[in-house]
Amino acid sequence: MKLLLITALATIALTVDLPADRWNPPQSLDELPEVAELPKLFEFAASHQAVTADNWLQRRRELEEIVQFYEYGRMPPRPDVVTAEQLQRRELTKSGVTEELMTLIIDSKRQLRMRIAVYSPGRSGRLPVFIREEAALGHLEEVPRLMERGYMYVEYARDDLDPDRPGVVGAAQIAYPAYDWATLSVWAWAGMRVVDYLESRDDVDRQRIGIVGHSRGGKAALLAGALDTRFSLVAPNGSGCGGAGSFRVQGDGGETLGEITDPERFAYWFHPRLRWFVGQENRLPFDQHFLKALVAPRALICTEANNDLWANPKGTRFTSRAAGKAFRLLGEEAKNGLHFRDGDHNLSAADWNAILEFADWHWFGRQPSDPKRFQP
Ligand code: GTR
């Protein structure tokens, strides 16, 4: 009887949850119409029904499916257990800043291990955290600045789950053979596993967990933030093509879909379906504004550099503006942040300043002196 009831409830939940017309992935390019402008955010792909605040969550699920299907591959769900083994703990300053080097044990059918480093400012209570998307540990230049402001800082060695090399099957893909996830998808999933662990710590403020990444790490940070609503602040820096940029709207010298998915370059970051669209970008049923819209109504701050033409500043502005619709619909327009500085392709002190000012604003209500500088 109990089982019957549970099955009946599950059926009701499913019927209520799913849009009337479920999105069925087209199997070839010929089935996809040409769309010169950025594809509509506010129309269901399957039913063409209009999107409103009431059915936005259903549309969100459609967006998640679309970007995983065409661009990054489908990632597995949350693993059964994530724990950590501490390898080393030391005090870095007299004021109590500590460093903990640990290994995360990501446990389901097969065990995965990934190194992380946790920096804490030596303050009591639950603290906000920035997670940094990196290949390996050791990006410490920002530690003093973050500690001074009372933030925790966590790095993870994403390459432990999938190394940044073509033709190598990472430990993560070996552990989950039923998923067609490419490298960026593994790296994003790895960031989510850091959150699984942080949730078990009593010094972490779960409402204030942000993810930052630069370039390829920015692409992964944006994907993680788009798919996992536990990130209340998402900060891709110079993430360009396959990140905050655009496939359709290209400025001078911007990296194209064909270049990034070239088998000699970074094809392995993406699902092979993305290559269908080389020279056919107008047939893409999405563009990167879908990723940005998935972050809404949480805080998104894309930090960019005017001379970083390869990362396509023009396209980035277009996708941020297009995603603004979703932030407005959900009543959080100011959380759609974009910041440009002079200079080139790196994660600089100016980028961190912008990110921290944005975090102070949206996490702690400290209004910046010039909020307009974050408008897309
Ligand atoms: C480039 C690549 C970019 C960007 C960059 C990086 O060569 O074309 O998309 O990801 O590498 O990660 O530094």
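**Entry 1: the ligand**

I looked up Trp310 and found a polar atom of its side chain 3.0 Å from an oxygen atom of the ligand. I note here that the model is predicted. Next I looked at Ser215, where a polar side-chain atom lies 2.8 Å from an oxygen atom of the ligand. For Lys219 I read a distance of 2.8 Å between an N or O atom of the side chain and a ligand oxygen atom. I then checked the cover: on its own the ligand has 310 Å² of accessible area, and the protein covers 80% of that.

**Entry 2: the shell**

Which residues are around the ligand? I listed Ser215, Arg216, Lys219, Glu255 and Ile260, together with Arg265, Phe266, Trp269, Trp310 and His345. I sorted the residues of this shell by type and got four nonpolar, two polar and four charged.

**Entry 3: Val212**

I turned to Val212, which I found in strand 6, a strand that runs over residues 204-214. Is Val212 buried or exposed? I wrote down buried, because its relative accessible area is 0% and the cut-off for buried is under 20%.

I looked for what Val212 touches, leaving out residues up to four places away in sequence.

Last, I took the C-alpha to C-alpha distance from Val212 to Glu155, which is 9.9 Å. In sequence, Val212 and Glu155 are 57 residues apart.

Definitions and conventions. Residues numbered from 1 in each chain as written. Predicted model: local features only at pLDDT ≥ 70, side-chain atom pairs only at ≥ 80, totals over all residues. Heavy atoms only, no water. Near = heavy atom within 4 Å. Polar contact = N/O pair within 3.5 Å; in protein donor to acceptor, adjacent residues only side chain to side chain. Areas by Shrake-Rupley, 256 points an atom, 1.4 Å probe, with all protein chains shown as cover. Nonpolar A, V, L, I, M, F, W, Y, C, P; charged D, E, K, R; others polar. Helix = DSSP H or I, 4+ residues; strand = E, 2+ residues; numbered from the N terminus. Buried < 20%, exposed > 50% of the residue type's maximum accessible area, 1.4 Å probe, protein only. Contact = heavy atoms within 4.5 Å.
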